[in-house]
Amino acid sequence: MHAEDDPRGQHRFDQEYWERHWAPDAETGEDARQPVPASPYLEAEIGHLRPSTALDAGCGTGTEALWLAHRGWQVTGADISATALTAAAARAEAEGLTGRVSWTEADLTQWEPGRMWDLVVTHYAHPDSGQLAFYERIASWVAPGGTLLIVGHLHAPHAGHHAHGEHGVDSGHGDHGEHGVESGHGDHGELREHDGNAGQTGSGHPEGSTATLAGITGLFSVPGWTVERGYESTRTMEAGERSITLQDVVVRATRT
């Protein structure tokens, strides 16, 4: 059943959805995605970290994974879409990074990697399990002393305000530049239209694909975790003739 056929009028972010999302244009056979820069939150939030092992959870075509690999990280990129991973592998080869990044096709709501990483990042991943359950799951793959960086679509009617004093959240953080909208299991290194508008929230994103700052930071207000940064950010990205306003929620946490 396609997402548009869901009787609840909601997207189902399953493998079929993402394979259709990443498929070449049906009429021309050409890639309809427009490359955009890697997430500005990588440099802002983890640029100071010493490179080690990293997982990009929901890597799509690999933009963030390749950014990390270029900076010395040994990266695993995992995504549910074989089509996206094929593109990611081609990009890694073209950039001379095949020795620094590996690709894994996996449904991250069920995957059991059997290991941990010193850094786990995810950007705008839309799993079929819902956002908070997904974030809690990938957090279990962060090694002790490691870092988790979550960047998601903000679920709020009035995004762009900073948090003040919740869960040790830092509040004075503004916009961080430009990035993409909509992607594979998570990667925003390519710009593409949504696959339909069914079940969209007031933020313009499909229902189930957004989260709140309080919801995310609440997951890590427990022993064993420290929330280092948490904020909302509104920024504009230019892609060709289009101007896209993004409303993001960003959380960086350390596993103690």
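Let's start with what helix H3 packs against. Its buried residues pack against H2, strand E2 (53–57), strand E3 (74–79), helix H4 (82–94), E4 and E5. Keep in mind that this is a predicted model.

How many of the eight residues of H3 are buried? Seven of them, so helix H3, residues 63–70, is largely enclosed by the rest of the structure. Here is the list: Thr 63, Glu 64, Ala 65, Leu 66, Trp 67, Leu 68 and Ala 69. Just after H3 comes Gly 72, with a positive phi of about 100°.

Thr 53 sits in strand E2. Thr 53 is partly exposed, because its relative accessible area is 22%, and buried would mean under 20%. Look across to Gln 74. Thr 53 and Gln 74 are 21 residues apart along the chain, yet 4.8 Å separates their C-alpha atoms. What else is Thr 53 in contact with, leaving aside its neighbours within four places in sequence? Besides Gln 74, there are Trp 73, Arg 115, Trp 117, Asp 118 and Leu 119. The side chain of Thr 53 reaches the backbone nitrogen of Asp 118 at 3.1 Å.

Follow the chain on to Tyr 124. Where does Tyr 124 lie? In the loop between strand E5 (117–123) and helix H5 (131–139). Most residues other than glycine have a negative phi. Tyr 124 is not a glycine, but has a positive phi of about 60°. Tyr 124 also counts as buried, because its relative accessibility is 1%.

The buried residues here are Gln 131, Phe 134, Tyr 135, Ile 138 and Ala 139. Why are they on the same side of H5? Because they cover an arc of only 135° around the axis.

Next, the nonpolar cores. How many residues has the largest one? It has 27, and Leu 148 and Phe 220 have the most contacts inside it. Who supplies this core? E2, E5, H5, strand E6 (142–154), helix H6 (213–219), E9 and E10 each give at least two residues.

Take Phe 220. Leaving aside neighbours within four places in sequence, Phe 220 is in contact with Tyr 135, Ala 139, Leu 148, Ile 150, Trp 225, Val 227 and Ala 253.

Leu 68 takes us back to H3, where it is one of the buried residues.

On to salt bridges. How many does a search of the whole structure find? Four. Let's walk through some of them.

Start with Arg 229 and Glu 45. Their closest N and O atoms are 3.6 Å apart. This pair links distant parts of the chain, 184 residues apart: Arg 229 is in strand E9 (residues 225–239), and Glu 45 is in helix H2 (residues 40–46). Buried or exposed? Both are buried.

Next, Arg 137 and Glu 112. Their side chains meet in a salt bridge at 3.4 Å, N to O. Arg 137 lies in helix H5, and Glu 112 in the loop between strand E4 (101–105) and E5, so the pair ties together parts that are 25 residues apart in sequence. Arg 137 is partly exposed, at 22% relative accessibility. Glu 112 is exposed, with a relative accessible area of 61%.

Then Asp 248 and Arg 235. The closest N and O atoms are 2.5 Å apart. Asp 248 lies in strand E10 (residues 242–255) and Arg 235 in strand E9, so parts 13 residues apart in sequence are tied together. Both Asp 248 and Arg 235 are buried.

One last stop in E9. Glu 238 is found in that strand. Glu 238 counts as partly exposed, at 46% relative accessibility. Val 36 is 202 residues away along the chain, and the C-alpha atoms of Glu 238 and Val 36 are separated by 8.9 Å.

Methods
Residues numbered from 1 in each chain as written. Predicted model: local features only at pLDDT ≥ 70, side-chain atom pairs only at ≥ 80, totals over all residues. Heavy atoms only, no water. Helix = DSSP H or I, 4+ residues; strand = E, 2+ residues; numbered from the N terminus. Buried < 20%, exposed > 50% of the residue type's maximum accessible area, 1.4 Å probe, protein only. Contact = heavy atoms within 4.5 Å. Polar contact = N/O pair within 3.5 Å; in protein donor to acceptor, adjacent residues only side chain to side chain. Arc of directions from axis to C-beta. Core = buried A, V, L, I, M, F, W, Y, C linked by side-chain atoms within 4.5 Å.
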